[in-house]
Amino acid sequence: MRKWLLLLILATGPLWADPQVPPVYRGTDTAGPVSVGDFEWFKVFQDSQLQALVRTALQQNPDLRTAMARVEAAEANLGITHAKQSPDITLTADYNSNGVTTNSPGFFKGLEPRTVTLGGLVLNLLSYEIDVWGRLRNQTNAARLQLVASAADRQAVMSVVVSDVASDYFNLIEMDAELDIERRTLATRLDSLNIITAREQGGLATMLDVRQGQELVDQAQITMTQTQQHIEDAENNLELLLGNPPAPVTRATLVAQTEPPEVPAGLPSTLLFRRPDIRSAEANLEATRYLVKSARAAFLPEFSLTGFLGLQSSRLANLFTRGSYENGINPTISGALSPREALQANLALARANQKVALIQYEASVVTALHDVSNALVDHAAARELRTQQEALVQTLQERSRLAYLRYNGGVDTLLNALDADRDLFNAQLSAAQARRDELLTLVQLYRALGGGWQP
């Protein structure tokens, strides 16, 4: 036998090494065994209203239900592939009744009526292949790993869905905070406009001052209308993620959110076990190894067993007697050397798919490291920016109070008071957005770390 034929039957190990990961993530100076990605999502995000929305999404989201159906399809495919390793058994039974009459034309004339009954019970072994070289076994192993990949893909979809729900929720309650700021600002500006109008009527202010005060009132009303529109759109988008028709969303407030904890990132090597996209890529890569083995085994001869075991009788009454037993066994060996071009092309395709899977696996690891590093940097910056923005709001609140005191006391112009009012309004909106951004970066970091989005 040729040397290449002997090499084909040798077991082959994986053609890749474990990916190299740094000892710590860029964006943090320390690494420990504990990671926020190991915590359940309801321990990280403790808003009870958000938790209710997440649980609804886990049950009803269309993308997640589709991913579950794909897992079921992969389970069915595994069953089909595994069934090929067992013989196909066919059960048959026949009953025939024939006869002619004395009035039949031609050469049948003159014959007496007769009836023939034939019964049969046969168990057929239809070309059962004895899997000597493991071709079918490797296909089954590949299908099993593809099922693992499908389950990991479902968890990846779950991660996307739940993180989107959390992100949309935080955006929504931030817009609620903006609307509250705009309402309070509008009330303050209406009070100021009343004071300015009274001063103009008393000759202490000009009509220009009145128009400037009215401008701030109009701007606040326009901004409120736009924010209310955005809130309703955000509610509809959130209900879409939940698989519900458009409706209002029950929710808490931005100020009610607990302070995000100091986030431990953990060890980069744990990403290989926690991130569902990495687990899926690894399972697909391992499946291609078995498919390559199966393609190699296709070069070798096939051992098949064809036959039947059954009962045959001319009458049903005698079907189960000893003389009705019959059988036939036909073992065969068939060589697969003639279509070598097709087999070589199939093997080349399996190897190419393995290279693609290896590249995708390596890319998923590198992408995960970048995701975590970016999320760490963004979260640290968002926390610092939120602290600075809140300090700025306190400063501008005091400035606005003093500016209006000076204007009402006649020692300063209205322009300085209006400028202080605008700056305070913008700073308050920015502080709310900074608070939201900190929460959003926590969501992204938890997702990047492969956080446990399980129900």
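Hi everyone, and thanks for coming. Because the model is predicted, local features need pLDDT of at least 70, side-chain atom pairs count only at pLDDT 80 or more, and totals for chains, interfaces and linings use all residues. Residues are numbered from 1 along each chain as its sequence is written, and side-chain values use heavy atoms, with hydrogens and water left out.

Let's start with helix 5, residues 135-201. When I say helix, I mean a DSSP run of H or I with at least four residues, numbered from the N terminus; strands are runs of E with at least two. How far apart are the end C-alpha atoms of helix 5? They are 97 Å apart, which agrees with the 99 Å that its 67 residues should span at 1.5 Å a residue. That expected span is 1.5 Å times one less than the number of residues. After helix 5 comes Gly203, with a positive phi near 80°.

Helix 6 covers residues 207-241. Its 35 residues should span 51 Å, and its end C-alpha atoms are 52 Å apart, so the two values agree. Gly243 follows helix 6, and its phi is positive too, near 75°.

Now for the packing. Two packed helices are described by the angle between their axes and the distance between the axes. The axes here are lines fitted to C-alpha atoms, for helices over the stretch in contact, and angles run from 0 to 180 degrees between N-to-C directions. For helix 5 and helix 6, the axes come within 8 Å and cross at roughly 160°. The pair is therefore roughly antiparallel. On this scale, under 35 degrees is roughly parallel, over 145 roughly antiparallel, 65 to 115 roughly perpendicular, and the rest oblique. Their crossing is left-handed, meaning that the near helix is turned anticlockwise from the far one by less than a right angle; clockwise would be right-handed. Their contact has 19 nonpolar, ten polar and ten charged residues. Here Ala, Val, Leu, Ile, Met, Phe, Trp, Tyr, Cys and Pro count as nonpolar, Asp, Glu, Lys and Arg as charged, and the others, Gly among them, as polar.

Helix 5 also meets helix 10, where the axes come within 9 Å and cross at roughly 170°. These two are therefore roughly antiparallel as well, and their contact has 13 nonpolar, eight polar and ten charged residues.

Elsewhere, helix 8, residues 276-297, packs with helix 9 at about 165°, with the axes 8 Å apart. Helix 8 passes helix 9 in a left-handed crossing.

On to the empty space. Rolling a probe the size of a water molecule over the atoms shows where empty space is left. On a 1 Å grid over the protein atoms alone, a cavity is a set of points where a 1.4 Å probe fits but cannot get out, a pocket is an open set with protein on both sides within 12 Å along at least five of seven lines, and lining residues have an atom within 4 Å of a point. Points are joined across faces, edges and corners, and a volume is the space filled by probe spheres set on them.

The largest pocket has a volume of about 420 Å³. Of its 17 lining residues, Ala177, Ile181, Leu254, Val255 and Ala432 are the closest to its centre. Which helix gives the largest share of this lining? Helix 5 does, with six residues.

The whole structure has two cavities of 30 Å³ or more. The second largest cavity has a volume of about 30 Å³, and its lining includes Arg189, Gly213 and Tyr404. Helix 5 gives the most to that lining too, with four residues.
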